[in-house]
Amino acid sequence: MDSWEFGRTVRRWRDRVTPTAVGLPVGGRRAAGLRREELAALAGISVNYLTRLEQGQATSPSAQVVEALTRALRVSDAERDLLFRLAGHAAPGLDVVSSRITPSVQRLLDRLANTPVAVYDATWTLLTANAPYDALMGQTTSWRGIERNSVWRNLIGPGNRVVHTPEEKAELEARLVADLRLTAARYPADQRLKRLTRDLATRSACFVEL
């Protein structure tokens, strides 16, 4: 990994993203781009970690972190591939679950800025949620790792603010696991998906049964 070039690239791309492009207020700014804390919040990482990345001090960002940064920075497909290469990763191919929010989906999110909206990947891992969604369902920006996975949250974790009857909860769990089974069949080479299913199987007898 070229940690210095990776950090320089992230800093340069952060400077070119306008606050209005990501739904943030413009007032009280000296620079036109995003503040470091704003990019960290959009990408779901700590400000301290982003600082170390930008300064070339953190040398091994995971593919998930790189993907989150490309999503928050609104980069093109070619720029996404470049950032993956600078981080020492191959850009995800068609044989793994995509966590990329395409420009067309992003435009839809921008139009629905006042409507609660969340976007999940095929493993039911939360990619992004807007402010109205967080206001309705609870703050999501602090969720890390497996906490962002809806299958885990409903079978093992704290769930969300939706109130279900026992029958509704059982039906939801069955549908989530069935959908994850289809995803696993479609992406047999995805190592992140394999780790997720192993973790779920280890910690949830309900998941194993379903």
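**Exercise 1. Overall size**

Task: Work out whether the radius of gyration of the protein chain in this predicted model agrees or disagrees with that of a compact globule.

Solution: 
- Step 1. Count the residues: the protein chain has 210.
- Step 2. A compact globule with 210 residues would have a radius of gyration near 17 Å.
- Step 3. The protein chain has 18 Å, which agrees.
- Step 4. Along its principal axes, the C-alpha trace spans about 55 × 35 × 30 Å.

**Exercise 2. Secondary structure**

Task: Find how many helices and strands the protein chain has, and where the strands fall in the pattern.

Solution: 
- Step 1. Count the elements: 11 helices and 2 strands.
- Step 2. Read along the sequence. The pattern is α-α-α-α-α-α-β-β-α-α-α-α-α.
- Step 3. Place the strands. β1 covers 118–120 and β2 covers 126–129.

**Exercise 3. Surface and charge**

Task: Describe what share of the protein chain is buried, what its surface is made of, and how its charges are placed.

Solution: 
- Step 1. Start with burial. Of the 210 residues, 40% count as buried.
- Step 2. Count charges. There are 30 positive and 23 negative side chains.
- Step 3. Locate them. The centres of the two sets lie 5 Å apart.

**Exercise 4. D121 and its partners**

Task: Decide whether D121 is buried or exposed, and find which side chain makes a polar contact with the D121 side chain.

Solution: 
- Step 1. Locate D121: the loop between β1 and β2.
- Step 2. Apply the cut-off. Buried means under 20% relative accessible area. D121 has 8%, so D121 is buried.
- Step 3. List contacts. Beyond its neighbours within four places in sequence, D121 is in contact with V97, S98, S99, L127 and R192.
- Step 4. Pick out the polar contact. The side chains of D121 and R192 are joined at 3.3 Å.

**Exercise 5. S99**

Task: Find where S99 lies and which residues S99 touches.

Solution: 
- Step 1. Locate S99: the loop between α5 (77–86) and α6 (103–111).
- Step 2. Check burial. S99 has 13% relative accessibility, so S99 counts as buried.
- Step 3. List contacts. Not counting residues up to four places away in sequence, S99 touches E67, R71, D121 and L127.
- Step 4. Look at side chains. Those of S99 and E67 make a polar contact of 3.4 Å.
- Step 5. Take a distance. S99 and T123 are 24 residues apart along the chain, and their C-alpha atoms are separated by 9.4 Å.

Technical notes: Residues numbered from 1 in each chain as written. Predicted model: local features only at pLDDT ≥ 70, side-chain atom pairs only at ≥ 80, totals over all residues. Heavy atoms only, no water. Helix = DSSP H or I, 4+ residues; strand = E, 2+ residues; numbered from the N terminus. Rg over C-alpha atoms; globule rule 2.2 N^0.38 Å. Buried < 20%, exposed > 50% of the residue type's maximum accessible area, 1.4 Å probe, protein only. Areas by Shrake-Rupley, 256 points an atom, 1.4 Å probe, with all protein chains shown as cover. Lys, Arg positive; Asp, Glu negative; His and termini not counted. Charge placed at Lys NZ, Arg CZ, Asp CG, Glu CD. Polar contact = N/O pair within 3.5 Å; in protein donor to acceptor, adjacent residues only side chain to side chain. Contact = heavy atoms within 4.5 Å.
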